[in-house]
Amino acid sequence: MSASGNLCVWNHVNIGSGGTTTLTEGNLKCTMTGADPRTTGTLGGTCADTNGWYFEIEATNIGDGALTVGIVNDIRNGLCLGGQIHQRSDSYMWRSYSSGQFFNGSTNVTSYGSFANGDILSFYVKSDKLYVYKNNSAVVGNVSTGTSGLSIGGTFFFPAVSRTVGGGGTSICVLRPNSDSWSYTPPSGFKGLTAKDLLLAEEVDPSEGNGSNKYHDTIIYTGTGSTRSITSLNFQPDWVLIKNRDQTDGWLNQNSVSGVGKTHEWNDDGPYEDETDCITSFNSDGFTLSDDHKVNASTEKYVAYCWKKSVDAGFDIVEYSGNGSTNNVSHSLGAEPDCIMMHLKSGSDWDSTMYFNSPSMGTGEGVFWTLANAGQTTTYMTSVSSSTFTPTSSANTSTKTYVAYLFRSIPGFSHFGEFEGNGDANGPFIYTGFRPKFVFFKAIDASENWQIRDTARQTYNDGTADRIYWNTNAAEGTASTASPIDFLANGFKIRGSNTEINSNTIIYGAWGDVPYKYNNTRA
């Protein structure tokens, strides 16, 4: 498999509701009329990249100065449908109106001057800094010397365009993402916004004979009622979650660190149960099941979510004993975890908790993944580092033993983040940098169920919503209010107003199928 020619273009599934936005010429040309239309790019560059990214925008028609162009980060990108993207936090936008206003977040910067029809605006992003040029002359900072660039936040940035207040007529611009279309040449090391230059670890790179299915996969099967082996995985799993799709039945949770001798009911507040007859072995290509109804009742349908414990894939499993005081627990991720799920191995009942690294959570808030409750101001984590995590007393009681599942985002394979729902059938588009195969969702400012979506059960984008709840033993549901999701080559798009996944602040974790670095779309 070779790297694709996917270019960053204007995103037709991330167009704001204001005015009218028309995309032509392969979605590189954007024509806008009316009040506050807006869109962003389909491809995000890494803000912290030390080599740098470069793209150009041709101001074809400034529309009485209303044309506004620049970048937004991943947080504002997910809010594109919900409101304006200029003069807002996490956006960096320049418009020609009123002597050239540059909106640095929510602050107006008016000293950069305007631009005119036909001007070429160049944008450089390097080491969390933005530099802007007009017709190859520095306007914001100097990229050659690295001076006076604007500091930007977020993980990814995206080109952005809107038509803002202050002028009439029609605004038109053309995105120039790569060297085939550039008017100017950036300094050595800068990359264009093309998928072939996206970061991707060799361990999950299909062109290296690897891929995501060596570290995570979702499989569906029908129970037989007698001992059987699942042999369709490309790895020996270290963590398996199994749910009976047909029946009200608890989630099976087993991992290789704790061993196959005990079963934890994922949706329950208790520790492991003394059951030895669910998964009886983890094998090189799967696992062996008994006839237990949780995992293998005759004729009933199941789904199994499987992960391999691997630093390369950003996943570790740790057992630790609570000591009731400061407890620095070691892990092997080699970077700060983005998500830590903790549950009891032994001791009295306790609702399992999650630490999640996002703007609204972090060490300041936790959430139960056994309950529908909103995020809790009682924290469960004091600190995290590249080698340890320090649970608070709430997840560190003396005499109790805990199991922790730790994850970090891996470019092209996994991503953890948050977005704001808009409560509309035209829901947010969320960029992940890969085609997702598994996504979990949780509203953290409201009491809502945890939803699970995957491409093993939804094999194409058909408008259905086959959701499973993580926090209950309920069977699979397809209620119309569950909100369909489109799994796309570079992320996912929500197509319904269900409050569980499209209202309030939503945290999510996603694992990939095919990296966006390669051509592989989804219907």
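Modeller: I begin with an open sheet of three strands, ordered 33-38-37 and paired in the antiparallel sense. Strands, like helices, are DSSP runs numbered from the N terminus (E, at least two residues, for strands; H or I, at least four, for helices), and two strands pair if DSSP finds at least two bridges between them. The model is a predicted one, in which local features need pLDDT of at least 70 and side-chain atom pairs count only at pLDDT 80 or more, whereas totals for chains, interfaces and linings use all residues. Residues are numbered from 1 along each chain as its sequence is written, and side-chain values use heavy atoms, with hydrogens and water left out.

Strand 33 and strand 37 (485-488) stand at the edges of this sheet; each has a single partner strand, so one side of each lacks a neighbour in the sheet. Direction ignored, neighbouring strands here are turned by 15° against each other on average; the axes are lines fitted to C-alpha atoms, and angles run from 0 to 180 degrees between N-to-C directions. Strand 37 and strand 38 (residues 491-494) run antiparallel and are joined by four bridges. Within this pairing, Phe487 has Phe492 of strand 38 as its bridge partner. In a regular strand the side chains alternate between the two faces of the sheet.

A pocket is found on a 1 Å grid over the protein atoms alone: it is an open set of points where a 1.4 Å probe fits, with protein on both sides within 12 Å along at least five of seven lines, and its lining residues have an atom within 4 Å of a point. The largest pocket has a volume of about 870 Å³, the volume being the space filled by probe spheres set on the points, which are joined across faces, edges and corners. Its lining comprises 45 residues, and Asp74, Thr155, Phe156, His415 and Phe416 lie nearest the centre. Strand 32 gives the most to this lining, seven residues. By class, the lining holds 22 nonpolar, 17 polar and six charged residues; Ala, Val, Leu, Ile, Met, Phe, Trp, Tyr, Cys and Pro count as nonpolar, Asp, Glu, Lys and Arg as charged, and the others, Gly among them, as polar.

Strand 7 (residues 91-95) and strand 8 (residues 101-104) pair antiparallel over four bridges, with Gln101 of strand 8 as the bridge partner of Arg95. Strand 8 is joined in turn to strand 9 (residues 107-109) by three bridges, again antiparallel, and Phe103 stands opposite Asn108 of strand 9. Strand 8 and strand 9 form a hairpin with two residues between them, and Gly105 in the turn has a positive phi of about 65°.

Charged side chains supply a further kind of contact. Side chains of opposite charge can pair when their charged atoms come close. With a salt bridge taken as a side-chain nitrogen of Lys or Arg within 4 Å of a carboxyl oxygen of Asp or Glu, the count comes to 14. One of them joins Glu319 to Lys345, the closest N and O atoms being 3.1 Å apart. Glu319 lies in strand 24 (residues 315-321) and Lys345 in strand 26 (residues 339-346), so this pair ties together parts that are 26 residues apart in sequence. Both ends are partly exposed, a class between buried (under 20% relative accessible area) and exposed (over 50%), computed with a 1.4 Å probe on protein chains only: Glu319 has a relative accessible area of 29% and Lys345 one of 23%. A salt bridge also links Asp316 and Lys309 (3.3 Å, N to O); here Asp316 is buried at 4%, whereas Lys309 is partly exposed at 34%. Arg245, Asp454, Arg457 and Glu476 are linked in a network of salt bridges.
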